[in-house]
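Me: I have a model open and want to go through the fold piece by piece. Can you take my questions as they come?

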Amino acid sequence: MSDHTHHTEPMLDESFWDERYRSSPHVWSGNPNSQLVVEVEGLVPGRALDVGCGEGADAIWLARRGWEVVAVDISGVALERAARHASDIDPVAAARIEFRRADLLASPPAPDSFDLVSAQFMQLPTEPRARLFTALVASVCAGGTLLIVGHHPSDLATGVRRPPLPDLFYTADEVAELLDDSWAVVVSEARPRPATTPDGADATVHDAVLRATCTRGLSGSGQR
């Protein structure tokens, strides 16, 4: 998913997202999320989990840079579209992506399985969000990177199109509270970027960006 503008209710299910994707030939921009590009560009490729992959832009970007990607979404329609798009634009990269339909709240990823776990703009209420993010933390292997990006609560006052549901918004520091002392926090901030209100006015929104490295069992800083 890229540059997300959600119109969501809490705990939307597979049928909602399937219908959302069927309603338009393209739901997202087709570009990788900007914070993913900024934070992952310099990392050594390994095995990556793309959480809520949507139409596949992030997964394709990662695969083109040598990552072996497990791209997960709750919507089978989105996954079919993503797989087709990947095959059309870069068959070599597409071969490095496994598109997998799953609800990670019901079937969390296996522990210690990924060198990179990326969750971009997962909008869930506080309790299920904490359960999901806790599972994602556990799925990062020693030396690996956790990258979680979300809409910052301050966006609600900007006039940009956002769901009027404060429970879906969070700060990077809130995510960092889920980490124990086996993690080194690299980035925890509200990062500004330009946006536009529905009436065309310029605005600034902030992405909550949390990037951390798992130092479990490593000597030194554990940085990749």
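Reply: One term before we start: two strands count as paired if DSSP finds at least two bridges between them. By that rule β6 pairs with strand β7 (residues 202-214), antiparallel, over 13 bridges. Keep in mind that this is a predicted model.

Me: Which residue in β7 is the bridge partner of Pro 192?

Reply: His 206 in β7 is the bridge partner of Pro 192.

Me: And what sits between β6 and β7 in the hairpin?

Reply: Five residues lie between the two strands of that hairpin, and Gly 200 there has a positive phi near 90 degrees.

Me: Back up a bit. How many helices and strands does the protein have?

Reply: Seven helices and seven strands. Along the sequence the pattern reads α-α-β-α-β-α-α-β-β-α-β-α-β-β.

Me: What is the order of the strands in the sheet?

Reply: The open sheet has seven strands in the order β3-β2-β1-β4-β5-β7-β6, with mixed pairing. The edges are β3 (97-101) and β6 (183-196); each has a single partner strand, so one side of each has no neighbour in the sheet. From one strand to the next, the twist averages 15 degrees.

Me: What does β3 pair with, and in which sense?

Reply: β3 pairs with strand β2 (residues 68-73), in the parallel sense, over five bridges. Val 70 has Glu 98 of β3 as its bridge partner. Helix α4 packs on the sheet there, touching β2 and β3, and its direction makes about 165 degrees with that of β3.

Me: Stay on α4. What length should it have, and what does the model give?

Reply: Helix α4 covers residues 76-89, which is 14 residues. At 1.5 Å a residue it should span 20 Å, and its end C-alpha atoms are 20 Å apart, so the two agree.

Me: What caps its N-terminal end?

Reply: Ser 75 does. One of its side-chain oxygens lies 3.3 Å from the backbone nitrogen of Val 77.

Me: Which residues of α4 are buried?

Reply: Gly 76, Val 77, Ala 78, Leu 79, Arg 81, Ala 82 and Ala 86. On helices in general, there are 3.6 residues a turn, so residues three or four places apart point the same way.

Me: What about α3, how many of its residues are buried?

Reply: Seven of the eight residues in helix α3 (residues 57-64) are buried, so the rest of the structure largely encloses that helix. The buried ones are Ala 57, Asp 58, Ala 59, Ile 60, Trp 61, Leu 62 and Ala 63. Gly 66 follows α3 and has a positive phi, near 100 degrees.

Me: Switching to β5. Why call it enclosed?

Reply: Strand β5 (residues 140-151) has eleven of its twelve residues buried, so it is largely enclosed by the rest of the structure. Strand β4 (residues 114-120) runs parallel to β5, and six bridges join them. Leu 116 stands opposite Thr 145 in β5.

Me: His 152 is in which loop?

Reply: The loop between β5 and α7 (172-176). His 152 has 17% relative accessibility, so it counts as buried.

Me: What does His 152 touch?

Reply: Leaving out residues up to four places away in sequence, His 152 touches Phe 169, Tyr 170, Thr 171, Ala 190, His 206 and Ala 208. His 206 is also the bridge partner of Pro 192.

Me: Are Cys 214 and Cys 53 buried or exposed?

Reply: Cys 214 has 0% relative accessibility, so it counts as buried. Cys 53 is buried too, with a relative accessible area of 0%.

Me: Last one. What percentage of the protein is buried?

Reply: Buried residues make up 52% of the 224 residues. As for contacts between residues at least 6 apart in sequence, 72% join residues at least 24 apart.

How values were computed:
Residues numbered from 1 in each chain as written. Predicted model: local features only at pLDDT ≥ 70, side-chain atom pairs only at ≥ 80, totals over all residues. Heavy atoms only, no water. Helix = DSSP H or I, 4+ residues; strand = E, 2+ residues; numbered from the N terminus. Expected span 1.5 Å × (residues − 1). Buried < 20%, exposed > 50% of the residue type's maximum accessible area, 1.4 Å probe, protein only. Polar contact = N/O pair within 3.5 Å; in protein donor to acceptor, adjacent residues only side chain to side chain. Axes fitted to C-alpha atoms, helices over the stretch in contact; angles between N-to-C directions. Contact = heavy atoms within 4.5 Å.
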